[in-house]
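I opened my notebook today to look at how two protein chains meet. Here is the model I worked from.

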Protein chains: 2
Amino acid sequence: MAAREQREIVSRRARPAKAALSQDVIVSAALDLLSQKGMEGLSLRKVAAALDTGPASLYVYVANLDELLSLVLDRALGEVERPNDPAGDWREQLKMLLRSYFTLLIDRPGLAQVALRTIPAGPHMADLTETMLALLTRGGVDVGRAAWALDLLLLHSAGLAAEQDNRRHTSMDTLMRRLKETTDSMPADTHPNIRAAGAELYTGTRERYEWALDALINGVIDTPRP
Amino acid sequence: MAAREQREIVSRRARPAKAALSQDVIVSAALDLLSQKGMEGLSLRKVAAALDTGPASLYVYVANLDELLSLVLDRALGEVERPNDPAGDWREQLKMLLRSYFTLLIDRPGLAQVALRTIPAGPHMADLTETMLALLTRGGVDVGRAAWALDLLLLHSAGLAAEQDNRRHTSMDTLMRRLKETTDSMPADTHPNIRAAGAELYTGTRERYEWALDALINGVIDTPRP
DNA sequence: ACCTGAACACCGTTCAAGT
DNA sequence: ACCTGAACACCGTTCAAGT
C-alpha cells in the first residue's frame with residue numbers, strides 16, 4: 001500500500017511554495033481536519049481552504065464527498081494493528097485487532113460515523129478483512145460464518161465508538177437527568193427494571209467493550225449458520 | 001403516551017384552512033418526509049415548507065434539528081411490537097421485538113442513521129428499554145448485564161439496518177466489482193480467505209440477521225460480566 | 001490536463017419586527 | 001405568545017473560462 005500512495009505523488013517543482021494537489025494530499029488534509037475537529041470540521045470547502053485552493057479544484061481527484069470519506073476511512077484503517085504470529089492465540093489476536101480498530105475510531109472524532117455510513121473499499125480494508133477471516137478460520141469457524149461474523153464484529157466496534165462519540169458532547173449528568181425525567185413522569189411501578197438498572201445503562205465504557213467482545217466471539221463460536 | 005400527544009393539540013379555529021402548528025404536527029410531518037424520501041429529504045426547511053410556513057416558525061416548538069430527530073425517532077419507536085404474554089418464551093419474544101425494531105428502521109429509509117446518531121430519550125424508548133430488561137431478566141440475566149446486553153442488541157439492529165440502507169443505493173454488482181478490483185490488483189496469494197469467502201461477504205440479508213440475533217443472544221447468555 | 005471564479009441550489013439558526 | 005421575512009454563515013456540485 002505504501003507503493004500505491006507513492007505512485008500518486010506529483011512533482012513539486014512547478015509551485016515551490018504551495019503543495020502540489022493530489023488525491024493523497026487531499027485525503028491527508030481531510031483526515032487531519034476530521035481528527036482535530038470532528039465531523040463538523042470536515043467539509044470539501046474546508047479541505048480546499050486548508051490546501052489553499054477553491055472547492056472546485058478537488059473534483060479533479062475525488063468524485064464527490066462520499067468518495068473522499070471512503071478514502072479517508074481506508075487511509076485511517078492502515079493504522080489498525082494486525083497480528084503477525086500465525087501460531088499465537090487466535091482469540092486474543094482477534095480481540096487485539098478489534099481493540100485497535102475501536103481505539104482508532106474513538107481517537108478521531110467523527111470517523112466512527114464515517115465507518116457506519118460509507119461502504120469501506122480499499123487496500124487497507126481488504127487487508128483487515130483478510131486478517132480477520134484468517135483468524136476466525138483458525139478458530140474453527142467456516143468461511144461463510146466467518147464472513148458474517150466479521151461484519152458483526154466490525155459493526156459493533158464502530159457502533160459503540162459512534163455512540164460514545166455522541167455522548168462525549170453530552171455529560172453523564174444530563175443523560176441521567178433526562179432518563180429520570182422520562183421515567184419519573186410515569187406511574188411509579190410501570191418501569192421497575194429501568195429503576196433497578198439505573199446508571200448501569202450508561203456506565204462502564206471500557207469494561208463494557210471488553211465484555212461485549214467476549215460475548216460476541218462466544219456467540220459466533222457456538223452458533224452455526226442455519 | 002397517547003395522553004402526552006393529545007395534550008399538545010391546539011385549537012384550529014383561528015386558521016381553519018391551515019393546520020395549527022404544534023410539536024406534534026411538526027414531528028409527524030418530519031417522520032412522513034423521512035419515510036418517503038429518506039435522510040436527504042428531511043430538513044428543517046422542508047418540514048416548514050410541508051407545513052406551509054417558514055423555517056423560523058419551528059423554533060417555537062423545537063430547540064434545533066437534533067432535538068427534532070430525537071423526537072422523530074421516539075415517535076417511530078412507538079410502533080415497535082412489544083410482547084404482552086409474561087408466560088411466553090422470553091427468547092422468542094425478545095427476537096420478535098428486535099425483528100420489529102429492525103423492520104421499522106429498514107422501512108423508513110434514514111431512520112437507522114438517526115438511531116445511530118441521536119441518543120434516544122422519550123417515553124417510547126423508555127417502554128422499549130423496560131420491556132427488554134424484563135425479558136432478559138426472565139432469561140436469567142442479572143440487571144447489570146441486561147443493561148449492557150440491551151445496548152449490544154439495539155446497536156446491532158440499528159447498525160445492520162443502516163448498513164443495508166447504504167447498500168440500497170449501491171447495487172450488488174457494483175459492490176462485487178469494487179471488491180474484485182481491490183483484491184485483483186494485489187498479488188494473487190495474499191488474500192486467499194477473501195477469495196474463498198467471495199459473495200458471502202455481502203449476501204444473505206434476512207438469514208444473516210436471524211443468525212446474528214441467535215449469536216448475540218447466545219453470547220449474552222453465556223458470558224458473565226467481569 | 002489541471003485549476004479557478006462565480007454561480008446554483010441548497011442548509012441550520014438568529015433576530016428584529018410584526019400580530 | 002406566536003409567527004414571519006430577511007439575513008448570516010455556511011454547504012456540495014457544476015460549469016464556463018482560463019492556463
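**Ground rules.** This is a predicted model, where local features need pLDDT of at least 70 and side-chain atom pairs count only at pLDDT 80 or more, while totals for chains, interfaces and linings use all residues. Residues are numbered from 1 along each chain as its sequence is written, chains are lettered from A and ligands numbered from 1 in the order in which they are written, and side-chain values use heavy atoms, with hydrogens and water left out.

Helices here are DSSP runs of H or I with at least four residues, strands are runs of E with at least two, and both are numbered from the N terminus. Of the 226 residues in chain A, 52% are buried, meaning under 20% relative accessible area with a 1.4 Å probe, protein chains only. I also checked contacts (heavy atoms within 4.5 Å). Among those in chain A with a separation of 6 or more, 71% join residues 24 or more positions apart.

**The interface.** How many residues of chain A touch chain B? I found 64 residues of chain A in contact with 64 residues of chain B. The buried area between them is about 5200 Å², with 64% from carbon and sulfur atoms; this is the accessible area (1.4 Å probe) that two parts lose on being put together, summed over both. In chain A, the residues losing the most area to chain B are A:Ile119, A:Trp148 and A:Trp211, together 16% of what that side buries.

Next I looked for salt bridges (a side-chain nitrogen of Lys or Arg within 4 Å of a carboxyl oxygen of Asp or Glu). The rule finds 4 across this interface. One of the salt bridges pairs B:Glu200 with A:Arg225, with the closest N and O atoms 3.1 Å apart. On the side of chain A that touches chain B, α8(A) gives the largest share, 16 residues.

Conventions:
Buried means under 20% relative accessible area, exposed over 50%, partly exposed in between (1.4 Å probe, protein chains only).
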